[in-house]
Amino acid sequence: MSKPKVLELFYDVVSPYSWLGFEVLLRYKNIWNVDIHLHPALLGGVMHATGNSPPAMVPKKGAYMAKDVERLSEFYQVPLRQPSNFFQVVIKKGSLSAMRFLTAIQMSHPEFLEGVSRELWQRIWSEDKDITEPESLLQAAKKAGMPEDLAQKSLSLMTSPEVKTRLKENTEKALEYGVFGMPSIVAHINEKTELFFGSDRFELLAHHLGEKWLGPVPHKSRL
């Protein structure tokens, strides 16, 4: 078998589309010949640097997004549900604390990064719960199976200069690749990089990888 192709996923748990992209990509990690690298990054930083703005800030897009999330939840088999106070939760509170927490985990205990990321999405985009308070972050880590002492250590590290720098570096790396929103996948194919934005570019990604696209829930397609 040829060497696995590297796929870098840049994501932020404030983005529901990032959750969709994250879950679909990871469903293919044992189907495609790929090596997936997860990069927590700040969507707000990317938006600011590129002059982009959240779709919900445009009234027509916001109304469409509410319906779109509902349809995509069923199609992608991801339990998405709009927060009851979208602007307070997503726009005002944001995800800085959560992304610093994930960055601390990425640096010290990367084996828990996937699980804790998923639980933070679950909290904000399925259970309508907080992802900004320390106890909320610890609850997500607990549900992901992360030992309490390791979670507490990551919590204590999240305000350190090292973690802040790494999160900034992750975000700047995304910008260097041309990222303007999330999720964004950077595929390393034949010594070239290809950027795929959004949660609906997997068929095109598969084509460029020379792999088969079996839909967003591949295990069902293979039955």
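Predicted model: local features only at pLDDT ≥ 70, side-chain atom pairs only at ≥ 80, totals over all residues.
Local features here need pLDDT of at least 70 and side-chain atom pairs count only at pLDDT 80 or more, while totals for chains, interfaces and linings use all residues. Residues are numbered from 1 along each chain as its sequence is written, and side-chain values use heavy atoms, with hydrogens and water left out.

Helix H7 (residues 134–143) packs against helix H8 (residues 148–157) at an angle of about 140°, their axes lying 10 Å apart; helices are DSSP runs of H or I with at least four residues, numbered from the N terminus, and axes are lines fitted to C-alpha atoms over the stretch in contact, with angles from 0 to 180 degrees between N-to-C directions. On the H7 side the contact (heavy atoms within 4.5 Å) is made by Pro134, Leu137, Leu138 and Ala141, and on the H8 side by Ala151, Gln152 and Leu155.

The largest pocket holds about 960 Å³ of space, and of the 38 residues that line this pocket, Leu43, Met47, Pro54, Pro55 and Met182 lie nearest its centre. A pocket is an open set of points on a 1 Å grid over the protein atoms alone, where a 1.4 Å probe fits, with protein on both sides within 12 Å along at least five of seven lines, and lining residues have an atom within 4 Å of a point; a volume is the space filled by probe spheres set on the points. Helices H1 (16–27), H2 (43–50), H3 (59–76) and H4 (86–93) each give two or more residues to the lining, and H3 provides the largest share, 6 residues.
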